Amino acid sequence: NDGPTYDFKGPAPDAVVIHLATNDFGKENPAEGPWTAAYEAFIHRVWAHFPKAHIYAAMGVMMSDNYPPGHNALTTLRGYLQRMVDRVHDPRLSLVEFPTQKMEDGIGSDWHPNLVTDTKMGTSLAEVIKRDLGW
């Protein structure tokens, strides 16, 4: 990436949401060990810059057990992340799972969430952060 890198200046966030995995599980499920080791290293890198931040490992609306067929991608991801959170065992780390997007809400470009689903995600995330951080 030739673009500028994030400089971590400015006020430290109270919360950081890490919303990864959809593409990693797109064709087949990755091996748990290396995948969660990289994810955990990223979490620790964020904490190195923002040690007081509550980190949310998010499971996105594009994840489901229906695609790829037979891979149970959502269930597999949920297990990987839960075991990682249990292993890290830090009150600053939580899972947040957004429900799989609904066709009746509409679908954005290339199966990405649209405004309706984004609004639902934002509302539910705000409720979780308010609850956890006492806002």
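# Exercises on helices, sheet and rings

Helices (H or I, at least four residues) and strands (E, at least two) are DSSP runs, numbered from the N terminus. Buried means under 20% relative accessible area, exposed over 50%, and partly exposed in between (1.4 Å probe, protein chains only). Contact means heavy atoms within 4.5 Å.

The model is predicted: local features need pLDDT of at least 70 and side-chain atom pairs count only at pLDDT 80 or more, while totals for chains, interfaces and linings use all residues. Residues are numbered from 1 along each chain as its sequence is written, and side-chain values use heavy atoms, with hydrogens and water left out.

## Exercise 1: helix H2

Solution. 
- Step 1. Just after H2, His89 has a positive phi of about 50 degrees.

## Exercise 2: the sheet

Task: State the order of the three strands in the open sheet, and describe how H1 and H2 lie against the strands.

Solution. 
- Step 1. Two strands pair if DSSP finds at least two bridges between them.
- Step 2. The order is S1-S2-S3, with parallel pairing. S1 and S3 are the edge strands, each pairing on one side only.
- Step 3. Axes are lines fitted to C-alpha atoms, for helices over the stretch in contact, and angles run from 0 to 180 degrees between N-to-C directions.
- Step 4. Four bridges join S1 and S2 in the parallel sense. Val17 has Tyr56 in S2 as its bridge partner.
- Step 5. H1 packs on the sheet and touches S1, S2 and S3; its direction makes about 150 degrees with that of S2. H2 lies across S2 and S3, at about 165 degrees to S3.

## Exercise 3: aromatic pairs

Task: Count the aromatic pairs, then describe the pair of Phe8 and Phe50 and the pair of Phe25 and Tyr80.

Solution. 
- Step 1. Rings of Phe, Tyr and Trp (its six-membered ring) pair if their centres lie within 6.5 Å; planes under 30 degrees apart count as stacked, over 60 as edge-to-face and the rest as tilted.
- Step 2. This rule gives six aromatic pairs.
- Step 3. Phe8 and Phe50 are tilted, 5.6 Å centre to centre with 55 degrees between the planes. They are 42 residues apart: Phe8 is in the segment before strand S1 (15-18), and Phe50 is in the loop between helix H1 (32-49) and strand S2 (54-59).
- Step 4. Phe8 counts as partly exposed because its relative accessibility is 28%; Phe50 counts as buried because the value is 9%.
- Step 5. Phe25 and Tyr80 are also tilted, at 5.8 Å centre to centre and 55 degrees between the planes. Phe25 is in the loop between S1 and H1, and Tyr80 is in helix H2 (residues 73-88), 55 residues apart.
- Step 6. Phe25 has 2% relative accessibility and so counts as buried.
- Step 7. Ring pairs link Phe25, Trp35, Tyr39 and Tyr80 into a cluster.
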